[in-house]
Amino acid sequence: LPICTNARVDGCTIKNMLYYSVHLTGCSNCEVTNNSILAGSNGIRLTACDHILVDGNYINTPQVSTFCIGIWMDSTDQPYVPAWPSGVCTDIIITHNIIDNLFLSQGIGGHTGVRIICSDNEVLNTYVPISFNPYNATDTMTDIVIANNIISGNPITVNVASGAVVVSGGATYPVLNVSVTGNIISGWNAGLQAYYGAAIQIGYANTVNVCDNVMHDGYGCGIALVQNAQSVNIANNLIYNVFATPGPNPSIGIYGEGGVQTGSINNNRIDTVSWGMRFDVSCPGLIVGKNILHHISTLDIVNASNIVYQEVLANSQYLAAWKNDLTEDGYRLIGLDYSNTIQINPDLLPITLSGVSIAGGLQTVFNAKTYGATGNGVTDDTAAIQAAVVAATGGGTVFFPKGTYLVSSTLTITTSRIEFTG
């Protein structure tokens with residue numbers, strides 16, 4: 001659809017397309033909703049568009065030998081159709097879409113965009129699930145919201161490792177004003193298991209909030225800062241069960257891999273990784289405050305003499321206070337004094353993560369699918385939902401990913417401390 005206004009592509013089933021199944025160029029105030037795109041090379045492309053809603057589409061493109069894209073934004077279609085408009089995509093909402101089986105592919109993202117909301121999508125079994133990365137200095141990428149998406153699985157065993165959520169520009173064209181919040185990410189880098197694979201990867205970006213995300217059961221790193229990133233706020237994230245990669249290479253909760261970072265890292269919970277945090281470069285403008293770490297080998301700093309703290313063994317002046325600084329659930333709350341850090345005391349109380357704790361334990365989320373619910377509208381999900389309810393009896397939220405859940409009998413709820421959302 002070149003140069004259209006107030007158009008709607010709704011409820012179509014599209015298969016076996018050579019190029020994009022739905023392609024909007026120079027369009028305004030249009031909707032792409034409730035379509036099924038199957039066995040095609042690419043899904044939905046927006047070029048030089050404004051005020052577009054992409055909502056409720058299902059994209060399943062099992063191309064195992066060809067790179068393809070689920071939903072993408074760009075500034076030009078050249079050299080394919082040079083006569084069509086060029087320009088930045090603005091005011092785009094991408095929500096409630098399901099993308100699956102894009103093995104060699106990118107799920108949702110683009111090279112250009114201003115005021116983009118990417119929220120409440122499910123991206124499964126995809127090489128790079130969500131990626132916003134300007135390609136060159138002519139691309140603009142600013143005011144990006146990546147929120148409340150569910151990302152799971154990356155079985156690919158070829159190519160190079162990357163992140164489940166990637167926000168990365170260039171030295172002269174950084175991504176500006178980004179919010180990555182409330183996402184649940186699992187299984188990243190599971191196929192290739194490369195050292196630098198990360199659930200969330202940030203590089204060449206300014207004013208970035210990475211908050212209230214849950215990352216678990218992946219390989220490599222939880223959060224990686226891979227190039228210069230300025231005014232980064234990493235807070236209230238839960239990172240647990242990050243597995244080491246072959247080599248052997250240790251797993252890392254939060255990794256300053258390269259570039260000079262500024263900002264703060266506070267109130268994150270990191271559990272069951274090799275290294276809690278590691279920084280390979282000097283970052284004098286990066287402040288690491290209180291974070292909760294449990295079941296980790298070390299908090300390791302390399303070549304970072306000017307960061308807010310250094311790699312030194314704990315001395316007796318600080319060790320006694322740290323030994324007593326335990327939360328009620330057995331986590332150690334590390335209060336760094338910006339000049340010393342410690343090796344984690346192995347004599348910590350054990351803890352079992354029965355749910356997903358966010359923001360220092362103030363909220364606990366129990367995903368119904370974790371307990372066996374399918375949400376396919378056919379399978380009886382009663383027992384699975386009841387199991388999630390029982391798990392949340394101590395207080396929390398039972399979360400339902402997008403789907404249709406069949407319940408055949410009454411659910412038993414014994415407390416008013418449970419909320420339901422989805």
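Predicted model: local features only at pLDDT ≥ 70, side-chain atom pairs only at ≥ 80, totals over all residues.
Residues are numbered from 1 along each chain as its sequence is written, and side-chain values use heavy atoms, with hydrogens and water left out.

I begin with the charged pairs. Side chains of opposite charge can pair when their charged atoms come close. By salt bridge I mean a side-chain nitrogen of Lys or Arg within 4 Å of a carboxyl oxygen of Asp or Glu. The structure holds five of them.

One of these joins the side chains of R8 and E31, at 3.5 Å from N to O. The two partners belong to distant parts of the chain, 23 residues apart, with R8 in strand 1 and E31 in strand 4, residues 28–33. Strands here are DSSP runs of E with at least two residues, and helices are runs of H or I with at least four, both numbered from the N terminus. As to accessibility, buried means under 20% relative accessible area, exposed means over 50%, and partly exposed lies in between, with a 1.4 Å probe and protein chains only. R8 is exposed, because its relative accessible area is 54%, whereas E31 is partly exposed at 31%.

A second pair is D91 with R115, whose closest N and O atoms are 2.8 Å apart. D91 lies in strand 10 and R115 in strand 13, residues 113–119, so this bridge ties together parts that are 24 residues apart in sequence. Both partners are partly exposed: D91 has a relative accessibility of 22%, and R115 has 42%.

The pair of E122 and K369 has its closest N and O atoms 3.9 Å apart. E122 is in strand 14, residues 122–124, and K369 is in the loop between strand 34 (363–367) and strand 35 (376–380), so the bridge connects parts that are 247 residues apart in sequence. Here E122 is buried, with a relative accessible area of 7%, and K369 is partly exposed at 31%.

I turn now to the backbone. Most residues other than glycine have a negative phi. Which value does phi take at D91? It is positive, about 55°, although D91 is not a glycine. This residue of strand 10, residues 90–95, is the salt-bridge partner of R115 already described. N6 also has a positive phi, near 60°. N6 lies in the segment before strand 1 (8–10) and is exposed, with a relative accessible area of 62%.

Next, the surface. I93, I117 and V145 make a nonpolar patch of about 190 Å². Patches are made of residues with over 30% relative accessible area and no salt bridge, like charges being joined within 9 Å and nonpolar side chains (Val, Leu, Ile, Met, Phe, Trp, Tyr) within 5 Å. The areas come from the Shrake-Rupley method with a 1.4 Å probe, and for residues only the protein chains shown count as cover. V145 belongs to strand 16, residues 141–147, and is partly exposed at 31%.

Finally, is S21 buried or exposed? S21, in strand 3 (residues 20–25), is buried, because its relative accessibility is 14%. Leaving aside neighbours within four places in sequence, S21 is in contact, meaning heavy atoms within 4.5 Å, with I14, I37, N42 and G43.
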